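Colleague: I have just opened this model. Could you walk me through how to read it?

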Amino acid sequence: MSHIPSYREFQKKPSPSLAIRERLNHKVIDTDVHTIEYTPLLEEYIADVGGAAAVDQFRSAIARGFGYLGNAWYDQSWEERRNKRSTRPPWWALPTRNTLDLATVTLPELLSERLQEAGIDFGVLYPNVATFAPHIGNPELRRVVVRAVNRFNADLFREYSDRVTPVAAIPLHDPQEGIEELEYAINELGLKAALIPGYVNRPIKALADKYPRDQHPEVAQNGWWVDTYGLDSEHDYDPFWAKAVELKVVLTTHSAGMGWTARRSPSNYMYNHIGHFADASHALAKSLFFGGVTRRFPDLRVGLLEGGAAWGANLYADLVGHWEKRNGQAIQNYNPANVDQELLVKLFERYGSKLTKGKPLQDGGNLIGGALGRANNLRDQDPNALDDFIAAGIEKVEDIAARFVPNFYFGAEADDPTVTFAFNEKALGTRLNAFWASDSGHWDVPDLTQVLSDTYRLVENGALSEQDFRDLVYTNPYNFYAGKNPDFFKGTAIDGGVAVVKKAA
């Protein structure tokens, strides 16, 4: 047999990230490593679950694109793209020039070895199809592909569970399908973490009734709203949250906001892409907070990936600022009934002659409409619907931290300098749970061996302290996964210590 070389024979330079890892006195956990499914084998699993017809449907869905990608952009003329506002989808999304990295995220044995070379002791894997599968619109195909993907990844990575673990893809078009797949993935397949879609696009009922999808497909394609499960949802998702807590499973989301409102450029992918993960996670976190989910399920943990931590800091600050100005009591500062009508008349008499043009004033009630405008300010309001924070159970500002900080973890990519916002306790009054999520395996990571060193540069520049860095790459990831499930890292390199990895020759 001819000699089959080790990957080290193709590795031309030492790993700067391994050099950083060897200096650390703590471990490193990467919470977002993308893998690429070997399609011929995956299709065997799809056929086993759903038959040959399901494979054909899967191929068609891949070609068409899931979710926001499913707009036939490539099959349209420029005029059609512009007229239909078809969102420019991504292209060339995987590392190719760095062929070693391309193979690494496809071959489990190679990935297990090279993660160590990259200074990573343990990686949580996000297989590409797993991130798309829960968004498939066809209910039957969605369940088939999700089940096949979960079986495929459980089998593929089981042998390497000391170094990596794949997430289970969980569909959530309704809570029952989520519960069924979650129980199967955890209890039958032995998977330990779950990926849920950050939202479900649902038809706007008034439009769907007037313009049935089979007769007006283009109306249906645009006539949808975003269901984020917690606030104003079409279903009661509490049974699903309860099941996740019962099974001690953390939930993560990795969903795209491309195709939403302003993110619909038909020509510029970067315009659509920048910030879209943050938008989708922002919507989900707000929904779970305002819908009272984090109040009812304080043990629920949700990891929000790919968007960074800056938006989380902004959302937390907004929640505090808005509550202080518009909580159930403070909102009365804006109630038209609280206008001092006598004082208003006197002030208009003294200072308003140019406005009233000398016309006699009647009373304060008459003036209020002119002072406050002609919009909705004077309409009667339901006194029981004035506190937008009531479902979240916020009675004092400290309650916001209690319903937000423990529940949400924010995935920060290796080269994201805004992760520093999460640890700015002087500004926020608290520290948010940012954790390291390199996004290795995608186009924004051209070299796997540089991700840890990219992040450590923030320490070298003084933007993060050594303690911040430890929290980012080890403490927070560990607490997220093992905080409610102490056995999560049992039998892994995190649990049993980490052997020294030799540098590549």
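**A loop residue, then rings and helices**

Modeller: Start in the loop between β7 (224–227) and α12, where Asp 232 has its place. Those labels come from DSSP runs: helices are H or I with at least four residues, strands are E with at least two, and both are numbered from the N terminus. This is a predicted model, where local features need pLDDT of at least 70 and side-chain atom pairs count only at pLDDT 80 or more, while totals for chains, interfaces and linings use all residues. Residues are numbered from 1 along each chain as its sequence is written, and side-chain values use heavy atoms, with hydrogens and water left out.

Colleague: What is the phi of Asp 232 near?

Modeller: First the general idea. Most residues other than glycine have a negative phi. Phi of Asp 232 is near 60 degrees, a positive value in a residue other than glycine. Asp 439 also has a positive phi, near 65 degrees. Asp 439 lies in the loop between β11 (433–436) and α22 (451–460).

Colleague: Is Asp 439 buried or exposed?

Modeller: The general idea is relative accessible area: buried is under 20%, exposed is over 50%, and partly exposed is in between, with a 1.4 Å probe and protein chains only. Asp 439 has 1%, so it is buried. Asp 232 has 63% relative accessibility, so it counts as exposed.

Colleague: How many aromatic pairs does the structure hold?

Modeller: Rings of Phe, Tyr and Trp (its six-membered ring) pair if their centres lie within 6.5 Å; planes under 30 degrees apart are stacked, over 60 edge-to-face, and the rest tilted. The structure holds 25 aromatic pairs. One of them is Phe 240 with Trp 241, edge-to-face at 5.5 Å centre to centre, with 70 degrees between the planes. Both Phe 240 and Trp 241 are buried. Phe 480 and Tyr 481 form another edge-to-face pair, at 4.8 Å and 80 degrees. Both Phe 480 and Tyr 481 are buried.

Colleague: Which residues do ring pairs link into a cluster?

Modeller: Phe 480 and Tyr 481 are among them. The cluster also includes Phe 122, Tyr 409, Phe 435, Tyr 474, Tyr 478, Phe 488 and Phe 489.

Colleague: Which residue lies over the face of Tyr 184?

Modeller: A charge sits over a ring if NZ of Lys or CZ of Arg is within 6 Å of the ring centre and within 35 degrees of the ring normal. Arg 147 lies over the face of Tyr 184, at 3.7 Å from the ring centre. Arg 350 lies over the face of Tyr 351, at 4.7 Å.

Colleague: At what angle do α9 and α12 pack?

Modeller: Axes are lines fitted to C-alpha atoms, for helices over the stretch in contact, and angles run from 0 to 180 degrees between N-to-C directions. Helix α9 (residues 175–188) and helix α12 (residues 238–246) pack at about 15 degrees, with axes 8 Å apart. The two helices are therefore roughly parallel; the cut-offs are under 35 degrees for roughly parallel, over 145 for roughly antiparallel, 65 to 115 for roughly perpendicular, and oblique for the rest.

Colleague: Which residues of α12 make the contact?

Modeller: Contact means heavy atoms within 4.5 Å. From α12 come Pro 239, Phe 240, Lys 243 and Ala 244. From α9 come Pro 175, Gly 178, Ile 179, Leu 182 and Glu 183. Take Lys 243, which is buried at 14% relative accessible area. Not counting residues up to four places away in sequence, Lys 243 touches Ile 179, Leu 182 and Glu 183.
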